[in-house]
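Hi,

Here is the structure I said I'd pass along. Have a look at it first, and then read on for what turned up.

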Amino acid sequence: MEADRLSEAAAALRGAYESGVPIAPLTAQYPGLTVDDAYAIQQAQVAAWTAEGAVLKGHKVGLTSAAMQQQLGVDQPDFGVLTDAMFLAEGATADYGRFLQPKAEPEIAFVLGRPLRGPGVTVAAALAAVDFVLPALEIIDSRIADWKIGLADTVADNASSGAVVLGSRPVKPDALDLSLTGCLLHRNGRLAGTGAGGAVLGSPVNALVWLANTLGQRGVTLEAGHVIIPGSVCAAIPFGPGDTVSATFDRLGSVSITFSEK
């Protein structure tokens, strides 16, 4: 795909952030759009954000559940970046108006204690690089109208990222079995979803390994102090203005966020 078309697509996505109006799927606007093209569009946006002062604080992994991979016809996850502006304070009231069509996902977040870079990263090496884990909520969002996304659409749109809420009780990863860690997801006090870490590629650490090796091939290192959110333990749930969403993980604790009236 030509450079000017890539820039045009990146500008359209950035415009959706500013206007609050989703755009038509990029795969419909640009027939033949490849996943490599989509990552180039993602990186063009990241470059623009950092030029404006945003600071890279981590990465997210998406499409880690078998159901989502089947839905989009893929056999591996995708990734996006997390910037400082994406982190919301636990228990606070967040501005609902910053989102277009948000949904919430419960995740087990990794905080790295030392750099991690592939290729060749193993589960043992990945766990050795983790300082602690935290309960987290990812607010996924899409700048593509009605969530009508293909793989290239979500990749270009920074893996459909929106925001992240981290819990405040760190736990060492060897204190629990991440694949068996269960979660209850609530919206306004009512149970809205259940899951366990095994829904994320068999274990969330497998998503961390995949990310480190995939980014390593692109010359990118996962840095100490960065946050990695590896994918949801259950299906995402929609929420609206005024709602409170919370996730409670076995032996890991809970995390919650309330959204303002629109």
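**Starting at I237**

I237 sits in strand β11. Keep in mind as you read that this is a predicted model. With a relative accessible area of 6%, I237 is buried. Which residues does I237 touch, once you set aside those up to four places away in sequence? They are K103, A104, L185, R187, A192 and V245. There is also I139: I237 and I139 are 98 residues apart in sequence, but their C-alpha atoms are 9.6 Å apart in space.

**Aromatic rings**

The count of aromatic pairs comes to six. Take Y39 and F79: their rings are stacked, 4.5 Å centre to centre with 20° between the planes. Y39 belongs to helix α3 and F79 to strand β2 (residues 78–83), so this pair ties together parts that are 40 residues apart in sequence. Are these two buried or exposed? Both Y39 and F79 are buried.

Another pair to look at is F239 with F259. Their ring centres are 4.2 Å apart and the planes are at 20°, so this pair is stacked too. It links distant parts of the chain, with F239 in the loop between β11 (237–238) and β12 (244–249), and F259 in strand β13 (residues 253–259), 20 residues apart. F239 counts as buried at 7% relative accessibility, and F259 is buried with a relative accessible area of 1%.

Now go to helix α1 (residues 3–19) and helix α3 (residues 35–51). Their axes come within 9 Å and cross at roughly 55°, and the two helices are therefore oblique to each other. The crossing of α1 past α3 is right-handed. If you want to click through the contact, pick L6, A9, A10, L13, R14 and Y17 on α1, and D37, A40, I41, A44, Q45, A48 and W49 on α3. What classes of residue make up this contact? There are 10 nonpolar residues, one polar and two charged.

**A buried glutamine**

Q69 is in helix α4 (residues 66–72). Its relative accessible area is 12%, and under 20% counts as buried, so Q69 falls in the buried class. Apart from neighbours within four places in sequence, Q69 is in contact with L63, T64, V74, D75, Q76, P77 and L201.

- The peptide bond from G118 to P119 is cis, with omega near 5°. You'll find P119 in the loop between β5 (103–112) and α5 (123–129).
- N158 is not a glycine, yet has a positive phi of about 50°. This residue lies in the loop between α6 (151–156) and β7 (161–166), and at 0% relative accessibility N158 counts as buried.
- R251 is not a glycine either, and has a positive phi of about 65°. R251 is in the loop between β12 and β13. Is R251 buried or exposed? With a relative accessible area of 51%, R251 is exposed.

Happy looking,

Your colleague

Key:
Residues numbered from 1 in each chain as written. Predicted model: local features only at pLDDT ≥ 70, side-chain atom pairs only at ≥ 80, totals over all residues. Heavy atoms only, no water. Axes fitted to C-alpha atoms, helices over the stretch in contact; angles between N-to-C directions. Helix = DSSP H or I, 4+ residues; strand = E, 2+ residues; numbered from the N terminus. Parallel < 35°, antiparallel > 145°, perpendicular 65-115°, else oblique. Left-handed = near helix turned anticlockwise from the far one by under 90°. Contact = heavy atoms within 4.5 Å. Nonpolar A, V, L, I, M, F, W, Y, C, P; charged D, E, K, R; others polar. Phe/Tyr/Trp six-rings, centres within 6.5 Å; stacked < 30°, edge-to-face > 60°. Buried < 20%, exposed > 50% of the residue type's maximum accessible area, 1.4 Å probe, protein only.
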